[in-house]
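Reader: I have a chain open and want to go through it with you. Can we start with the charged pairs and then move on to the overall form?

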Amino acid sequence: AETAREEEEKEATTMRAALEAERNKLAQKLTEATSRAEMAEEELRLVVVSSRESDAKHADRVSEAKEQARREAMRADKLSREVQALQALAQDAETKMRSLKGSLHQTEEQASSTQAELKQRVHEREQEAELNRT
């Protein structure tokens, strides 16, 4: 039982580490996507200014920049949701690990109690055997 609990605890630790690594990777992607979205928004602002001074050709660039900014914002939103989901999974793994540690502690206490009880019984039987010999 202890080996199974230790394996579950190792598995939970490994899962938590993998989830943390994935969360960090997605957080980096979110940062990059946010940066790209900000750059796309800045480009959009510049295009809008120049389109006021320019012809219909710049209007196409405005549309492209808006679409790019929209896509980047959607990507950033998606990555944000993925990070939140991974954080929830990591929290669930942490809760499971705490529960497993509690169960392991309870099992260890029961094993210790059983061991003490068995030692007492052995001692009593040895005393009975000693009395029977005399």
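Author: Arg98 and Glu94 sit four residues apart in helix H2, so about one helical turn separates them. This is a predicted model.

Reader: What do Arg98 and Glu94 form, and how far apart are the closest N and O atoms?

Author: They form a salt bridge, with 3.7 Å between the closest N and O atoms.

Reader: Which other residue forms a salt bridge with Glu94?

Author: Arg16 does, and there the closest N and O atoms are 2.9 Å apart. Glu94 belongs to helix H2 (residues 56–133) and Arg16 to helix H1 (residues 2–53), so this pair ties together parts 78 residues apart in sequence.

Reader: So which residues are linked in the network?

Author: Arg16, Glu94 and Arg98 are linked by salt bridges into one network.

Reader: How exposed is Glu94?

Author: Glu94 has a relative accessible area of 27%, so it counts as partly exposed. Arg16 is also in the partly exposed class, at 26% relative accessibility. The cut-off for buried is under 20%.

Reader: Why would such side chains pair at all?

Author: Side chains of opposite charge can pair when their charged atoms come close.

Reader: How many salt bridges does the structure hold?

Author: It holds eleven. One of them joins Glu67 and Arg71, whose closest N and O atoms are 3.4 Å apart.

Reader: Where are Glu67 and Arg71 relative to each other in the helix?

Author: Both are in helix H2, four residues apart, so the separation is about one helical turn. Glu67 is partly exposed with a relative accessible area of 30%, and Arg71 is partly exposed with 41%.

Reader: Changing topic. How many helices and strands does the protein chain have?

Author: Two helices and zero strands.

Reader: And what radius of gyration does the chain have, against a compact globule of 134 residues?

Author: The chain has 32 Å, whereas a compact globule of 134 residues would have a value near 14 Å. Along the principal axes, the C-alpha atoms fill a box of roughly 120 × 15 × 15 Å.

Reader: What share of the residues count as buried?

Author: Of the 134 residues, 18% count as buried. The accessible surface is about 10,100 Å², and carbon and sulfur atoms account for 50% of that.

Reader: What about contacts with a separation of 6 or more: what share comes from residues 24 or more positions apart?

Author: Such residues account for 80% of those contacts in the protein chain.

Reader: Which residue is 62 residues from Leu86 in sequence, and what is the distance in space?

Author: Asn24 is, and its C-alpha lies 9.6 Å from that of Leu86. Asn24 has its place in helix H1, and with 40% relative accessibility it counts as partly exposed.

Reader: Last one, back to charges. How many positive and negative charges are there, and how far apart are their mean positions?

Author: The protein chain has 24 positive and 30 negative charges, and their mean positions are 4 Å apart.

Key: Residues are numbered from 1 along each chain as its sequence is written. This is a predicted model: local features need pLDDT of at least 70, side-chain atom pairs count only at pLDDT 80 or more; totals for chains, interfaces and linings use all residues. Side-chain values use heavy atoms; hydrogens and water are left out. The radius of gyration is taken over C-alpha atoms; the globule rule is 2.2 Å times the number of residues to the power 0.38. Buried means under 20% relative accessible area, exposed over 50%, partly exposed in between (1.4 Å probe, protein chains only). Contact means heavy atoms within 4.5 Å. Accessible areas come from the Shrake-Rupley method with a 1.4 Å probe; for residues, only the protein chains shown count as cover. Lys and Arg count as positive and Asp and Glu as negative; His and the chain ends are not counted. The place of a charge is taken as NZ of Lys, CZ of Arg, CG of Asp or CD of Glu. A salt bridge is a side-chain nitrogen of Lys or Arg within 4 Å of a carboxyl oxygen of Asp or Glu.
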